[in-house]
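Let's take a walk through this structure together, one piece at a time.

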Amino acid sequence: QVQLVESGGGSVQAGGTLRLSCALSGDTSSNYYMAWFLQAPGKEREGVAGISADGRNSFYLDNHDTQEGRFTISRDNAHNTLYLQMNSLKPEDTATYYCAARFGRTDSPLQKSQYTYWGQGTQVTVSS
């Protein structure tokens, strides 16, 4: 069993920065793909970024601003922690952010159906 606990959310003004963390506990000896998802009010949960177990490969949602470098996913396997660095935040980034994990690799790292374990979510609110 794996437990995921997110932290680092909060309320910031547009242009601000947040770094979300997700602590993985339980069976940390296995090979876990991990990802960040967001869910805005009234919308479906969507994958924002995923990362391979060794941290060498990362994946981003094509139609999100992550490709402009605003969001960066990383992980520290020595401390069993996943991160999402969020810069230049915009009001439309307001959502609940969830981390997720799955055993083994996947060809669809940003599909929520691929993930077995989920955190409880952390709220990010960006005001204009």
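Keep in mind as you look around that this is a predicted model. Let's start with the charged side chains: the count of salt bridges comes to 4. One of them joins Lys112 and Glu44, whose side chains meet at 3.0 Å, N to O. Find the two residues in the view: Lys112 sits in the loop between β9 (95-103) and β10 (117-118), while Glu44 sits in the loop between β4 (32-39) and β5 (46-51), so this pair ties together parts that are 68 residues apart in sequence.

Another of the salt bridges pairs Asp54 with Arg56, and here the closest N and O atoms are 3.8 Å apart. Asp54 has 46% relative accessibility, so it counts as partly exposed. Arg56 is exposed, with a relative accessible area of 72%.

Next, look for Arg70 and Asp93. Their salt bridge brings the closest N and O atoms to 2.8 Å. Arg70 belongs to the loop between β6 (58-60) and β7, and Asp93 to the loop between β8 and β9; the two are 23 residues apart, and the pair links distant parts of the chain. Are they buried or exposed? Both Arg70 and Asp93 are buried.

Now for the sheet. Four strands make up an open sheet in the order β1-β3-β8-β7, and the pairing is antiparallel. Going from one strand to the next, the twist averages 15 degrees.

β4 and β5 run antiparallel and are joined by 5 bridges; among the residues involved, Ala35 has Gly50 in β5 as its bridge partner. The two strands form a hairpin with 6 residues between them, and in the turn Gly42 has a positive phi of about 80 degrees. From β5 the chain goes on to another hairpin, with β6. These strands also run antiparallel, joined by 3 bridges, and Ile51 has its bridge partner, Ser58, in β6. This hairpin has 6 residues between its strands, with Gly55 taking a positive phi near 80 degrees. As for how covered β5 is, 5 of its 6 residues are buried.

The C-alpha atom of Phe71 is separated by 8.6 Å from that of Val48, although the two residues are 23 apart along the chain.

Arg75 is found in β7 too, and it's worth a stop. It is buried yet has no salt bridge, and the nearest side chain of opposite charge, Asp54, is 7.1 Å away. So what does the Arg75 side chain reach? One answer is the backbone oxygen of Ser52, at 2.9 Å. Another polar contact, of 2.8 Å, joins its side chain to that of Asn77. Beyond residues up to four places away in sequence, Arg75 touches a set of residues including Tyr32, Met34, Ile51, Gly55 and Tyr83.

Finish with Arg102, in strand β9. Arg102 is also buried without a salt bridge, and Asp107, the nearest side chain of opposite charge, lies 9.0 Å away. Its side chain reaches the backbone oxygen of Arg105 at 3.2 Å and the backbone oxygen of Gln114 at 2.7 Å. Leaving aside neighbours within four places in sequence, Arg102 is in contact with residues including Asn31, Tyr33 and Tyr115.

Notes. Residues are numbered from 1 along each chain as its sequence is written. This is a predicted model: local features need pLDDT of at least 70, side-chain atom pairs count only at pLDDT 80 or more; totals for chains, interfaces and linings use all residues. Side-chain values use heavy atoms; hydrogens and water are left out. Two strands pair if DSSP finds at least two bridges between them. Axes are lines fitted to C-alpha atoms, for helices over the stretch in contact, and angles run from 0 to 180 degrees between N-to-C directions. Buried means under 20% relative accessible area, exposed over 50%, partly exposed in between (1.4 Å probe, protein chains only). Lys and Arg count as positive and Asp and Glu as negative; His and the chain ends are not counted. A polar contact is a pair of N or O atoms within 3.5 Å; within protein, one must be able to donate a hydrogen and the other to accept it, and residues adjacent in sequence count only if both atoms are side-chain atoms. Contact means heavy atoms within 4.5 Å.
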